[in-house]
Amino acid sequence: MHSELGIRLMTVLTSTASVYLLWLILKKYAVNALAFILVISSILIFHIYGFITTPDAPLFFFTVLFYFFYQKYLEKESLLLTFMLGIVIAGMLYSKYHAILLILFTVVSNIKLLKRMSFWGIVALAAALYTPHIYWQINHNYPSVNYHLYDRSASKYDLSNSFLYIPGQLLMAGPVIGWFLFYSAFKVKIKDVFIRCLLVNCVGTFIFFFISTFRGEAQPHWTLIAFAPLVMLVLIRFKQTDDLPKWFYRLAYINIGLILFLRISVMFRIPPIALIGEIKSFYTFKDWAHAVKEIAGDHYVIMTDGFQNPSKYNFYTNSAKAFSYDSRYYRKTQYDLWPIEAAFQHQKVYYLQDGPSAATTDTLKVKAGKWYAEWVDDVRTYQQVSIDVANYKVKLAPGQADTLVLKLANPYPYPINFSNDGAKHEVALDACFFKGDIMVSSQRADSTFNQVLLPSAQSTLYVFTLKAPIEKGKYDLLFSIGTTPFTGAKNSRVIHLTVE
């Protein structure tokens, strides 16, 4: 179904199935049914990703499936369980790379797995099923690897990322009883290999993402796979003590009441909850998409720095006419891989922004906010052109000039010409110097760049004479190809420049 229900239906079904599977896993430990209901109902992150469809939803489902089959596998090996675990692990990896943590911590918790022949059968099957993705990564120059290792890392440590991590996790566990759930889980007595697996995965995942805050922001939902073992550890601990304090029940009911208020507010658009930015977007973008469509017609719509709004436009108009122009200030997205960009070259496009510019001709006021737009004739962009260098760590003296050999590759099914002769929109190659998120200076290539002709699927070398900034320090350097009226794309990886 091409509707919100159609998108979210599988998420609702799989999240419901996940709760039932958790109950089946815990039956071995004879946990209290009321405690199970209260704990499951109190965890905020389960409510959020019980209907919102992101890669986290299938990841959580396959995670719970993994624990279900792994518990049985520990009790008795069989060909069927080997087969099922191989499929489930592949499903986790296809959902999100975070699954690697679950696999690693499970092996760490039970090193004896390495001595089982069936374990290597699981590894072989999962690897075989995952081979198409690995092959895709190789053919596309490892975009996911580059994103996670280079694009996502912050150049400067932000204390707030680490400071807010723990409160964020407590909130996801439950605004009122989250603290008690963590306390109970970490006091569990390890009485079998499966409980050890749960504890190592739970603690290991939370610690891993806390450490990741030293490289950048760790969003609260990234730890979703840790909440499955957290729930099971809490309930096992409750059964081990058999002395749950009465105040827990009162706090749990208050916690659930707050979550129900939140859910009802979302359902019926009750302020102030319904006015929160992320929640507000649930209601307003359908009308926004159709309002833009009325103006743009069948023309392509270009937006900047974000895949969410173009994706909403494409969904609500049932088209592939919106495109995200990922500038030098942003990062690469799926729009840097899809062939949408090639389809609108030298056409008239509608350029939509959330802020005004000197060329703004249209202003659109809708419930989704105020938007500014302009028409761009004979557009040309080079967002998917890749620029590589031999060395991504460079040291120069202040003001020192040096030559960098750039490898420019054309991924498009047509030749590209960087000449500005007779062109409506000029193209330029810039070396951009960043400190943190701020571009402190840039340097433009000389006119020889505009003589470069690049056949389809071919590459060429271009010598760029780079002059280091006068001020000493560490810079993030990247190369950007831009055409008016756009800012310029992020065509290279970050090069770490030290001026000393």
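Which side chains meet in a salt bridge at 3.2 Å, N to O? They are those of Arg328 and Asp430. I shall return to this pair after a word on the model.

The model is predicted: local features require pLDDT of at least 70 and side-chain atom pairs count only at pLDDT 80 or more, while totals for chains, interfaces and linings use all residues. Residues are numbered from 1 along each chain as its sequence is written, and side-chain values use heavy atoms, with hydrogens and water left out.

I begin with the salt bridges. Side chains of opposite charge can pair when their charged atoms come close. The criterion applied here is a side-chain nitrogen of Lys or Arg within 4 Å of a carboxyl oxygen of Asp or Glu. The structure holds eight such salt bridges.

In the opening pair, Arg328 and Asp430 meet at 3.2 Å, N to O. Arg328 sits in the loop between β2 and α16 (340–343), and Asp430 in strand β10 (residues 427–435), so that distant parts of the chain, 102 residues apart, are linked. Helices here are DSSP runs of H or I with at least four residues, strands are runs of E with at least two, and both are numbered from the N terminus. Both Arg328 and Asp430 are buried, where buried means under 20% relative accessible area, exposed over 50%, and partly exposed in between, with a 1.4 Å probe and protein chains only. Through shared partners, salt bridges join Arg328, Asp430 and Arg444 into one network.

A second pair is Glu75 with Lys28, whose closest N and O atoms are 3.8 Å apart. Glu75 belongs to helix α4 (residues 56–75) and Lys28 to the loop between α1 (4–26) and α2 (33–42), so the pair ties together parts that are 47 residues apart in sequence. Glu75 is exposed at a relative accessible area of 52%, whereas Lys28, at 46%, is partly exposed.

Asp298 is exposed at 57% relative accessible area, but Lys321 counts as buried at 19%.

I turn next to helix packing. Helix α10 (residues 178–185) and helix α12 (residues 224–241) pack at about 75 degrees, with their axes 8 Å apart. The axes are lines fitted to C-alpha atoms, for helices over the stretch in contact, and angles run from 0 to 180 degrees between N-to-C directions. The two helices, α10 and α12, are therefore roughly perpendicular to each other, a label given to angles of 65 to 115 degrees. Contact means heavy atoms within 4.5 Å. Among the residues making the contact are Phe180 and Phe182 of α10 and Leu230 and Arg237 of α12.

What of the cysteines? With a disulfide defined as a pair of cysteine sulfur atoms within 2.5 Å, the count comes to zero disulfides. The sulfur of Cys197 has its closest cysteine sulfur in Cys202, 11 Å away, which is too far for a bond. Cys197 counts as buried at 0% relative accessibility, and Cys202 likewise counts as buried at 0%.

Finally, Val389 lies in the loop between β6 (386–388) and β7 (393–396). Val389 counts as buried at 13% relative accessibility. Leaving aside residues up to four places away in sequence, Val389 touches Val405, Leu406 and Ile495.

Conventions. Angles under 35 degrees count as roughly parallel, over 145 as roughly antiparallel, 65 to 115 as roughly perpendicular and the rest as oblique.
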